Amino acid sequence: MTLVQFLLLSSLLFSLGVYGLLARRNAVMILLSVELMLNAVNLNLVAFEAWIRDAFATGNVFAIFMITVAAAEVGIGLAIVILIFRNRATANVDDFELMRG
Amino acid sequence: MGSLTRLGMFLAEEGGEHGGGGVEAGITSGWAVENVWLILVLPFVAALLIVFLGKANEKWGHRLAIAMMGYVFFHGTWLWILTMTDGVLYEASYVIGDLGSGFAFELGWVVDGLSSMMFFVVGTVALLVYIYAVGYMKGEIRYAGFFSAISLFAGAMLVLVAAPNLVQLIIGWELVGVASYLLIGHYWEEKENSSAGMKAFYVNKVADVGLILGAIMLSASVGTFNITGILDAAEEGAGELSSVAVVGALLLFFGAMGKSAQFPLHVWLPDAMAGPTPVSALMHAATMVTAGVYLLGRMFPLYEGLAADARPWIMLIGGLTLFLTGLIALVQWDLKKILAYSTLSQLGYMVLAMGAGAYTAGLFHLFTHAFFKALLFLGAGSVIHAVHSNDMRDMGGMRKPMPITYWTFVIGSLALAGIPPLAGFFSKDEILAGLTHAEGPSTAMVLGIGIDTFFFWTAVFGAAITAFYMTRAVFLTFHGEYKGHGHPHESPASMSAPLVVLGVFSVGAGFLNVPGVFTGMTKWLEIRANEFYEFHPESLDLGVALTGLTAGVVGIAIGWWLFARDADTQAERDRLHIPGLYPLLENKYYLDDFYLAIVAFIKGPLARFIDWFNGHVIDAVINGAGLVGVWLGRAVYGVDQKGIDAAVNGLAGAAGASGAVFRRAQTGRVQQYAAAFILGVVVLVISFVFVL
């Protein structure tokens, strides 16, 4: 297993995430895409840690931080989406343009 | 606070006809003279307390006033007795405040022959009037308020009399004016009465301007308000005072003309009869109208010396007053108005005497006149109280129901007419003698004869007129048939007792100064801090005395002939229809109309002219100034609108325009933001990797 294989997988996952983020209209699907991008980054961090054989396991620590932050983020994100859905009976982000200038 | 006692310097008595100027005073200290402040304060205490007594007033108001005035009477009499026995000379001044430029505001009192005579007269007459008023005012409206105001009146006069400086004199002077306004307008529910009060106040205010200007002029030139100081300077005759003395003295006299109701400022006095009769009695006898004569007496050393040139004018005013107002009394139907015009006439005598340099004669007449005029007014009030009318056409035959009033009124009338041995004879004779012998302004001429001689005959003629109108008043009031309604009866004891006391004074007061026999009054009045010369006859001048007496007798005889013989046709006979003269007198020389015309001119044409001037000249100036302002404003407005506002608006417009462009970026769609964000990241990555 070489570093490059991990990086290719990570790039693939990240690109899928970006695609989903830009292409999907459903807010829940967008949140899932964001999760995909975050996990792609996590894979990158762990792969580089293993490659440089870091004595302090910095990559792993960062990955765990990010999983925690991502969990909190998705919790808040889903709560917002549910509230919007309750008020407007839709989860389509194209309808959420109240902030238009 | 500092006390200052001045002792006068005296020359030995010169004796002879023209001697004068001071008798050595024996008393210069002692409890009575050092505590004159009691006299000055107590009437004000009474006036104030009565106001705050409330419901207790009906019972205690008049008692309080009488108690206070009783003390004033006691103290005043004490001082007068001291003057008569030893002679008192004392002056106290307490510095109250600093007026700057070396002037101080002082209050205090002077006790000398002149002021103790006034203390005695004011105390006696006021006390008797108070007692009389208890009966007269019983049940009248504002009974207690009347006693409060009359206490203020007497107190103000005492402050004036005691004044050691011109400031205190003016304070007392003005307080007298205020109190007289309150008392004349006592029955203010009727417009006429309140108008009379205002008229008195206004006319006096006009004269007060003269008093204040004169006081300032004299004081400023000497550097003190103290009267003794001013008179000392006048005695020396040097410095600035000599240049302003005559004008200052004339201005002071103008002030005196208001209070002492001299022609042509006398118009307020007859209307002042609107007040209750006790007020008239007090006003005409002891307070108010005597103030002007007192002022002339107080400043006499000035008039006698430096300001001798002012004296012909004083004689002229006094002579005119005594003659012209005496004539008006002939045609009056109102009993009180006859007495009012008679007071004017007698004040004319006093002023004439002062002008002629006969100091004792003028003040002696003030002294005797106070008693018999108070008596006459109180007698008239007694009759008015009984018949409820002032008009003599409602009276007649009052002799039988009112014997005490009748006899005392007759005594007063005879005293006024100058019949010996009553008081008026001696004082009037003294004035006539003064006019024949006075020195000083005798070079002035009137109608081709010396001013002294001219006014001597005027005074003699005036004496005849006095006797005539008093006889007419007595006959129309007390003789003939009763023409009124109801049943008049004698007044209560509180009213008749003062009449009797005043009657005794009217009989006896004249003996205080009989030339050649007993010249007490002359000596007492000369006890002053300043020396001066005045005329007083050495012995009784029989010719003068007989002339005056003849005038009085002739007046009475004419009155008797016209009004006593046929009681029923009195009213008809009284109409002495002399064409031209009668209407002139009845309309009081049209003076009131003249003053009204002046006021009407001010209110009418003058006011219209001022209105026109205001509308066309002053307004034009103001409008012009306004237009300039408008033009300036427009210019500034233009700069503001086109310069400053344009810049500000331009900035705002620029901000708006740029906002309109950039707002399009704010679509509100999160995915567009995300796309832009990612695009930016891609650009950054490319630039990092390939460019840097």
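The contact takes ten residues from chain A and ten residues from chain B, where two residues are in contact if their C-beta atoms, placed from the backbone, lie within 7 Å. On the side of chain A that touches chain B there are six nonpolar residues, one polar residue and three charged residues; here Ala, Val, Leu, Ile, Met, Phe, Trp, Tyr, Cys and Pro count as nonpolar, Asp, Glu, Lys and Arg as charged, and the others, Gly among them, as polar.

This is a predicted model, in which local features need pLDDT of at least 70 and side-chain atom pairs count only at pLDDT 80 or more, while totals for chains, interfaces and linings use all residues. Residues are numbered from 1 along each chain as its sequence is written, and chains are lettered from A and ligands numbered from 1 in the order in which they are written. The model scores ipTM 0.84 and pTM 0.71. For chain B, the mean pLDDT (the predictor's confidence in each residue, from 0 to 100) is 82, and 90% of its residues reach 70 or more, although pLDDT stays under 50 over residues 1-22 of chain B.

Helices are DSSP runs of H or I with at least four residues, numbered from the N terminus. Helix 16 of chain B, which covers residues 359-387, should span 42 Å because its 29 residues are taken at 1.5 Å a residue, and its end C-alpha atoms, 41 Å apart, agree with this; the expected span is 1.5 Å times one less than the number of residues. The table collects values for helix 16.

| Feature of helix 16 of chain B | Value |
|---|---|
| Bend at H369(B) | about 30° |
| Phi of H388(B), which follows the helix | positive, near 55° |
| Buried residues | 29 of 29 residues |

The bend is the angle between axes fitted to the seven residues ending at a residue and the seven starting there, and a residue is buried if 20 or more other C-beta atoms lie within 10 Å of its own.

S427(B) lies in helix 18 (residues 423-437) of chain B, and S427(B) counts as buried because it has 31 C-beta neighbours inside 10 Å. Leaving aside neighbours within four places in sequence, S427(B) is in contact with residues including A361(B), F364(B) and H365(B).

How values were computed: Helices (H or I, at least four residues) and strands (E, at least two) are DSSP runs, numbered from the N terminus. A residue is buried if 20 or more other C-beta atoms lie within 10 Å of its own, exposed if 12 or fewer, and partly exposed in between; C-beta atoms are placed from the backbone.
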